[in-house]
Amino acid sequence: MIQKINALLKEIGDMKASNMEELEALRIKYLSKKGEVTALFNDFRNVAAEEKREMGKRLNELKEQAQTKINEIKEAFENKSSSNNELDLTRTAYPVRLGSRHPLSVVREEICSIFGRLGFSIAEGPEIEDDWHVFSALNFAEDHPARDMQDTFFISHQPDVLLRTHTSSVQTRVMEKSEPPIRIICPGRVYRNEAISYRAHCFFHQVEALYVDKDVSFADLKQALLFFAKEMFGAETKIRLRPSYFPFTEPSAEMDISCNLCGGKGCPFCKYTGWVEILGCGMVDPNVLDSCGIDSKIYSGYALGMGIERITNLKYQVKDLRMFSENDLRFLKEFESAH
C-alpha cells in the first residue's frame, strides 16, 4: 500500500488541468466515492494492526494533498477569469443606455426598401467629384448658376473639382459604365454653399432614382411615384405632378402629395392648399443619355430625386433642419420607436 500511496502522491503533485471540465474529471478520478484515494481508504481495513497508525497518517496526508492541489488549480482559474473581466474605473457610474439609429438613416433605409421592391439596386459614388459628372454630362449650360462659387463648393487648387451638389453624379458614372437596362437608386450626402438656418444647410442628403430601358414612358414614372407615395405616407395618399424645369430631364415635373396631416383638407403645414411638395422628376433628357454613351434613339428613361431631410420632416414634423446634425441626444431619443 505504501508504494501505491507514493505513486499517487507523485501523480497528484504533477496534476494539471487546462479548464474546469478537466479539473472536475481529476477530482472524480482521485476523490470521488469510487476514486483512487477513496479505494485506498477502503483497503485500510486489511492493513496489519501494527501498521495502521503510520498508514492512516499517510492516507490522510494523501487525501489532504489531493484536495489542496485541486483547490489551487480551481483558484487559479477563477483569478484568471476575474482578471479578464476587470471593472473599467473610467466608465460613468450611470447606466449606459442603448443607442438608436438616426432618423435620417431610418427614412433613407425605408426609401431604399420601397424602391428595392420595384427592382432598383443601390449605387454609390464619390462625394468629391469633377465638373463633368456633376454638371456637363447632365446638360448644365456653361453659365448655369449652379456652377457659381456662391452656390457650389469648389476645391480651390483644382477648379474643375468640387463637392457634389446632387447624387445625379452617381447616375452619370453608372450610365458611362453600364449597358441598359439600368435601374438604380443613389442615396448619399451632397453639399451646397448656402447659409445655415432652420430650413437650409450647407450639407444634406438625397436619394435619386434612375431607370433606363427601351420604351420607358412618363406613365412608368408616374406609377413608380404613386407606389412610393402610398408605401411611404399611407395607402390614402394622393399625388399630383406640376410642370417644372431641370437641365437633365425633359419633360420635367415636381411632385406633390396630399398633406399627411390634414388628409388634403388644408392646414397650416400645407398652407391650406392640401398639398406638399416632396420631389422633382422627369424623363431623362436625350442629351444626357448621349453624353453618357447611351443611344437616345433606342433607349429612354426617367429620373427622380428627393431630399431625405424633406421626407423626414414630412414624416415626423421636424421643424428645424439643424437638429439633424447637432447630435442632441434628447432629439435622437424621440425616434427610438421609429425602428
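A: Gladly! Contact here means heavy atoms within 4.5 Å. Helices (H or I, at least four residues) and strands (E, at least two) are DSSP runs, numbered from the N terminus. This is a predicted model, where local features need pLDDT of at least 70, side-chain atom pairs count only at pLDDT 80 or more, and totals for chains, interfaces and linings use all residues. Residues are numbered from 1 along each chain as its sequence is written, and side-chain values use heavy atoms, leaving out hydrogens and water.

Q: Which strands does helix α5 lie across?
A: Helix α5 (residues 103–116) lies across β1, β5 (182–191), β6 (203–213) and β10 (300–307). Axes are lines fitted to C-alpha atoms, for helices over the stretch in contact, and angles run from 0 to 180 degrees between N-to-C directions. The angle of α5 to β5 is about 165 degrees. Helix α8 (residues 218–233) also packs on the sheet, where it touches β7, β8, β9 (275–284) and β10.

Q: What is the strand order in the open sheet?
A: Two strands pair if DSSP finds at least two bridges between them. The seven strands run β1-β5-β6-β10-β9-β8-β7, with mixed pairing. β1 (121–122) and β7 (239–246) each have a single partner strand, so one side of each lacks a neighbour in the sheet.

Q: How are two packed helices described?
A: By the angle between their axes and the distance between the axes. For α5 and α8, the angle is about 135 degrees and the axes are 10 Å apart. Residues meeting there include Val107 and Ile111 in α5, and Phe227 and Met232 in α8.
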